[in-house]
Amino acid sequence: MDHFESLSRRHNFISKLSAAFFYALAVAVALNFFWHPGKIYASGVTGFSQVLESLSSRYLPFTLTTSSMYFVLNIPLFILGWLKIGKKFTLFTIIAVILASIMMKLIAPIKLSYDPIICAIFGGVVNGVGTGIALKSGISTGGIDVLGIILRRKTGKSFGQINIFFNLIIVICAGFVFGWTRALYTALNIFINGRVIDAVYTQHQKMQVIIVTEHPTEIVEQIQEKMHRGITILHDAEGAYSHNEKTVLITIIDRYDMYDIYNIVSKNDPYAFMSMSEVSKIYGRFIEQKPV
């Protein structure tokens, strides 16, 4: 059993590392082949890094490169992720960001097209595929991923609302620096990038979670307190190996709640069994995040 568990962990690590490398390659290609030549900003921290490069090259005697600022801006988010989300989650985030920063620097810019619409479309698609694969492999690409999870806990706003707010700032910056026509192309790029991420990552927004535990009371209380989710409780379950009495908890969550519920369960019952599966349809009463 230990041998198979070790192989599983090794395979999981290699899978996550490969996804991080693919994301790094994708964002570097999107940046150097499409966004820079088309004078288009990306979404999230990559976009903010581009803004700083544009402003520094215009108003400072030196230039703050996108690759270096992408790493620097993620440093405080590493710390927040480490303290507020989890060490394993943050570790792979750091790996993905470091690889992306290196790739941005190593891959030489190539102007495949001067047409800003083409640059917006292909840049959004390439980066969206890379980011989607990374998320599907269970790793974060840093930036707004980390900030969104933390702010959603503090404010109660949905991840999508937080993402739109930060990307709106980038679009406004693009308008002031490159003109409002380029701001439109930036908005198009961000929209396409988001849709491709959803298509690659998952088209389902909801996840069904099944938890088998010997400590249901603490888990139920914290899920209801922090996540405000309804839970179905099945009593008198029995473990086939230990024959200990267990309780089965069933709930439906948003996909961005996965890190929260994992931390709650692992904190209260490290030996609990938990499975998550995508949900295509929900009937009955389900509390959605309220819009602003």
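**Notes on the predicted model**

1. Let me begin with Q224. Leaving aside neighbours within four places in sequence, Q224 is in contact with R229 and I231. This glutamine sits in helix α9, which covers residues 216–226. Is Q224 buried, partly exposed or exposed? Its relative accessibility is 41%, so Q224 counts as partly exposed. Please keep in mind here, and throughout, that this is a predicted model.

2. Now the overall layout. The chain holds ten helices and four strands. Following the sequence, their order reads α-α-α-α-α-α-α-α-β-α-β-β-α-β. The chain has 292 residues, and 45% of them count as buried. If you take the contacts between residues at least 6 apart in sequence, 74% join residues at least 24 apart.

3. As for burial, the buried residues of α2 are G44, V45, T46, G47, S49, Q50, V51, S54 and S56.

4. From its first C-alpha to its last, α4 reaches 29 Å, close to the 28 Å expected for its 20 residues at 1.5 Å a residue. Its buried residues include the phenylalanines F89 and F92, and T90, T93, A96, V97, A100, S101, M103 and M104 in α4 are buried too.

5. I would also look at how α3 and α4 pack. Two packed helices are described by the angle between their axes and the distance between the axes. How far apart are the axes of α3 and α4, and at what angle do the helices pack? Helix α3 (residues 66–84) and helix α4 (residues 87–106) have axes 9 Å apart and an angle of about 175 degrees. That angle makes α3 roughly antiparallel to α4, as it is over 145 degrees.

6. On the α3 side they are T66, S67, Y70, F71, N74, F78, G81 and W82. They meet K87, T90, T93, I94, V97, I98, A100, S101, M104 and K105 of α4. By class, the contact of α3 with α4 has nine nonpolar, seven polar and two charged residues.

7. On to the cysteines. A disulfide is a covalent bond between the sulfur atoms of two cysteines. How many disulfides does a search of the whole structure find? The search finds zero. C119 has 0% relative accessibility and so counts as buried, whereas C173 is partly exposed, with a relative accessible area of 22%.

8. Two backbone angles deserve a look. K39 is not a glycine, yet has a positive phi of about 55 degrees. This lysine is placed in the loop between α1 (2–38) and α2, and its relative accessibility of 42% makes K39 partly exposed.

9. The other angle belongs to D236, a residue other than glycine whose phi is positive, near 65 degrees. Where does D236 lie? D236 is in strand β2, which covers residues 232–238. With a relative accessibility of 64%, D236 counts as exposed.

How values were computed. Residues numbered from 1 in each chain as written. Predicted model: local features only at pLDDT ≥ 70, side-chain atom pairs only at ≥ 80, totals over all residues. Heavy atoms only, no water. Buried < 20%, exposed > 50% of the residue type's maximum accessible area, 1.4 Å probe, protein only. Axes fitted to C-alpha atoms, helices over the stretch in contact; angles between N-to-C directions. Parallel < 35°, antiparallel > 145°, perpendicular 65-115°, else oblique. Contact = heavy atoms within 4.5 Å. Nonpolar A, V, L, I, M, F, W, Y, C, P; charged D, E, K, R; others polar. Disulfide = S-S within 2.5 Å. Expected span 1.5 Å × (residues − 1).
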